Every structure is written in structure tokens, then in C-alpha cells.
Amino acid sequence: MNLEEFDALVEPLRQKSAASIAAYGFTLIEGRTATTAEIDDLEKRLGVTLPEKYRSFMMRYGGGMVGCVELFPIAGGDSGDDVKSVNDREFPERTFIAIAPVGTGDYWGFPVDDGRCRDEVWFHFHDGGAPELEAPDVLGFVARHGLRL
């Protein structure tokens, strides 16, 4: 799936989000977007290369809630949880880059090979179970878990 195909899938959620803001004062898509410079800085600070689709997604949609899934923002999360702080705390060895909490102490994210994140999103168990493939890329992951498609 490319970003334009994802845009078409997310359009109904955008419309619901606009209606939700008007009616209830909250959004279904938070959209804490990042700039190219912020993502480049994050890559330097983490010592990894992030997937291109993830970079594009974070510039267009950003972190926070996207439907039913929460993505860590690139920087400055309200709870102090952004991509860098979570990974410094949970995965300092940089063999995995967490991008979303599961809510059980587990994370979704990218395995890292030789300093380069894979495109695939994996489920990483906090208790040491073998990681499981969730989606071929971040767009498929958000479509499945955020949009529930």
C-alpha cells in the first residue's frame, strides 16, 4: 500500500474526526506531525535509519491517536513518551525501535538490522516471547489496528 491508497482508507475517519471535534471537542486523529529535520535528528540520536513509509506517515499524520491505535510522536509526547524516550528506556541496545504501545507492557515496532529498521511492523513481547510479524509496513499496521480494516 502506498500513502495515497492509505489516504483514501483514512478519509472516512478524517470526516468522523471533524464531526467529533465539532460535537464533542475531541479528535480521532491527533496529528502531532514531524518535520524532515526532526526525523533526521531522531535518526541521529537513535543511531538508526527509519523506514521511508514511516517517515512519510509521521510527516503527514504524526503521532498520537490514529483511530484505535496510539503512535509515539517523534518528539515531545504529552506523557513524556516519544519515540526517543521510550526506546532509550526500553530498547537501549537498538535491536528494536518501538513506535506504538500495546497497553500491556508490549510494543509494536521495527526490528533493526545493522542500524537500519525493517519496513515490517512486529509485536515485541515484554516477557521475552518470540516477536510476531504484524504488518508489512506502518501503513498496513495503522490500517489494521487504527482503522480496523
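**Notes on a helix contact and some aromatic pairs**

1. Let's start with helix 3 (residues 52-60) and helix 5 (residues 138-146), which pack at an angle of about 55 degrees, their axes 8 Å apart. That makes the two helices oblique to each other. Bear in mind that this is a predicted model.

2. Who touches whom here? On the helix 3 side you'll find Lys53, Tyr54 and Phe57, and they meet Val138, Leu139 and Val142 of helix 5.

3. Now for the rings: searching the whole structure turns up 10 aromatic pairs. One of them joins Phe6 and Phe57, edge-to-face, at 5.7 Å centre to centre with 70 degrees between the planes. Phe6 sits in helix 1 (residues 3-24) and Phe57 in helix 3, so this pair ties together parts 51 residues apart in sequence. Phe6 and Phe57 are both buried. Phe57, remember, also takes part in the contact with helix 5.

4. Another pair to look at is Phe72 with Tyr107, which is tilted: 6.1 Å centre to centre and 45 degrees between the planes. Phe72 belongs to the loop between strand 2 (69-71) and helix 4 (83-90), while Tyr107 is in strand 4 (residues 107-113), so the pair ties together parts that are 35 residues apart in sequence.

5. Are Phe72 and Tyr107 buried or exposed? Phe72 counts as buried because its relative accessibility is 3%. Tyr107 is buried as well, with a relative accessible area of 10%.

6. Finally, ring pairs link Phe72 and Tyr107 with Phe91 and Phe96 into a cluster.

Conventions. Residues numbered from 1 in each chain as written. Predicted model: local features only at pLDDT ≥ 70, side-chain atom pairs only at ≥ 80, totals over all residues. Heavy atoms only, no water. Axes fitted to C-alpha atoms, helices over the stretch in contact; angles between N-to-C directions. Helix = DSSP H or I, 4+ residues; strand = E, 2+ residues; numbered from the N terminus. Parallel < 35°, antiparallel > 145°, perpendicular 65-115°, else oblique. Contact = heavy atoms within 4.5 Å. Phe/Tyr/Trp six-rings, centres within 6.5 Å; stacked < 30°, edge-to-face > 60°. Buried < 20%, exposed > 50% of the residue type's maximum accessible area, 1.4 Å probe, protein only.
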